[in-house]
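Notebook open, model on the screen. I'm jotting down what I look up as I go.

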Amino acid sequence: MRKLTDKELQSIQDSIRKKEIHAAELLAEIYDHYITHLESQAEEEFEEELEKLDEKWTYAYCHKIQHELNKNINKTIRKTQWSLIKSYFSWPKMVFTLLLVAILTLIVNTLSWHAQVVILFILPIIYIVAFSIILIVRTRKKTKEIRMLFGKSGIWVRSAFSDRFLSYVAFPLHFYNLFLNLPRVFGLDQYVPDYLVNYLSVTFCFMLVIHSLSSYEAWKLKSKTAFV
């Protein structure tokens, strides 16, 4: 096994750039595959072997893999987070879940609406926004090398896993706007009984907290291997 020259590495990078792949995970895998294969070949066979690799890893084939990668990532995130959410309804986490519901109910029944908004909604949402920013910063650090190699061709190289994971983390923000802010815009909140508002507040905040905790746990599991 030999060490590839800078010129050979540049040829590999130019070849992979032509495939116009944006998923950092796939770029890293293909780049590693190219280098591993070509390092085991003689120097005079480099051009021929590089051409063979390009015939295998065609533009269409790479984009097909990228599409499948995105689908598999969605399934993986949903499966992981759903498994973690279910764990909050089994022993011993069930104790935490019941305690959380009791605390939220107490807050709703004793505090004013403005205090409820701050504690039940704004604080969890601040956490989600801060968590999303941390994810973005960490992902950029982890993908820096691969972005430096392949981002010069005008393609926005990014982590496919991070993109999907961030959309899941930020989902409650859309939920909040749809079910709490939108009714206020149209004045519909005036027609909802107080007891129902309290019930919805507890339900939404409970979902928000469980979502935040399960997202964090999912991130801890996946950050060991993924660009996130």
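Where do Phe 161 and Phe 165 lie, and how many residues apart are they? I looked: both are in helix 8 (residues 160–169), four residues apart, which is about one turn of the helix. A reminder to myself that this is a predicted model.

**Entry 1: the Phe pair**

By the ring-pair rule I count eight aromatic pairs. The rings of Phe 161 and Phe 165 have their centres 6.0 Å apart and their planes at 15°, so I log this pair as stacked, the cut-off being under 30 degrees. I then checked the cover on each residue. Phe 161 comes out buried, with a relative accessible area of 6%. Phe 165 is buried too, at 3%.

I also looked for aromatic clusters. Tyr 127, Phe 131, Tyr 216 and Trp 219 form one.

**Entry 2: the whole chain**

I stepped back to see the fold. The protein chain has ten helices and zero strands. Reading from the N terminus, I get α-α-α-α-α-α-α-α-α-α. Of its 228 residues, 39% count as buried.

**Entry 3: helix 3 and its charges**

Next I looked up salt bridges. The structure holds seven of them, and I started with those in helix 3 (residues 46–56).

Glu 48 and Lys 52 meet through their side chains in a salt bridge, at 3.7 Å from N to O. Both residues sit in helix 3, four residues apart, about one turn of the helix. Lys 52 has another partner: Glu 49 forms a salt bridge with Lys 52, and the closest N and O atoms are 3.6 Å apart. Glu 49 and Lys 52 are three residues apart in helix 3, so about one helical turn separates them.

- Glu 48 is partly exposed, at 47% relative accessibility.
- Lys 52 is also partly exposed, at 42%.
- Glu 49 counts as buried because its relative accessibility is 11%, and the cut-off is under 20%.

Glu 49 made me check the rest of the helix. Phe 46, Glu 49, Leu 50 and Leu 53 are buried in helix 3. Seen down the axis of helix 3, these buried residues fall within an arc of 105°, so they line one face of the helix. On the other side of helix 3, I find Glu 47 and Glu 55 exposed.

One more salt bridge for the page: Arg 158 pairs with Asp 163, with the closest N and O atoms 3.0 Å apart. Asp 163 counts as partly exposed, at 28% relative accessibility.

**Entry 4: helix 5, length and sides**

I wanted a quick check on the length of helix 5 (residues 93–110). At 1.5 Å a residue, its 18 residues should span 26 Å, and the end C-alpha atoms are 26 Å apart, so the two agree.

Which residues of helix 5 are buried? I find Thr 97, Leu 100, Leu 104, Ile 107 and Val 108. They cover an arc of only 95° around the axis, which puts them on the same side of helix 5. On the other side of helix 5, Leu 98, Leu 106, Asn 109 and Thr 110 are exposed.

I looked for nonpolar residues at the surface. Leu 111, Ile 119, Ile 122, Leu 123 and Ile 126 form a nonpolar patch there, with about 400 Å² of accessible area together. I picked out Ile 122, which lies in helix 6 (residues 113–142). Ile 122 is partly exposed, with a relative accessible area of 36%.

Thr 139 lies in helix 6 as well. Is Thr 139 buried or exposed? I noted it as buried, because its relative accessible area is 7%.

Conventions
Residues are numbered from 1 along each chain as its sequence is written. This is a predicted model: local features need pLDDT of at least 70, side-chain atom pairs count only at pLDDT 80 or more; totals for chains, interfaces and linings use all residues. Side-chain values use heavy atoms; hydrogens and water are left out. Helices (H or I, at least four residues) and strands (E, at least two) are DSSP runs, numbered from the N terminus. The expected span of a helix is 1.5 Å times one less than its number of residues. Buried means under 20% relative accessible area, exposed over 50%, partly exposed in between (1.4 Å probe, protein chains only). The arc is that of the directions from the helix axis to the C-beta atoms. Patches are made of residues with over 30% relative accessible area and no salt bridge: like charges are joined within 9 Å, nonpolar side chains (Val, Leu, Ile, Met, Phe, Trp, Tyr) within 5 Å. Accessible areas come from the Shrake-Rupley method with a 1.4 Å probe; for residues, only the protein chains shown count as cover. A salt bridge is a side-chain nitrogen of Lys or Arg within 4 Å of a carboxyl oxygen of Asp or Glu. Rings of Phe, Tyr and Trp (its six-membered ring) pair if their centres lie within 6.5 Å; planes under 30 degrees apart count as stacked, over 60 as edge-to-face and the rest as tilted.
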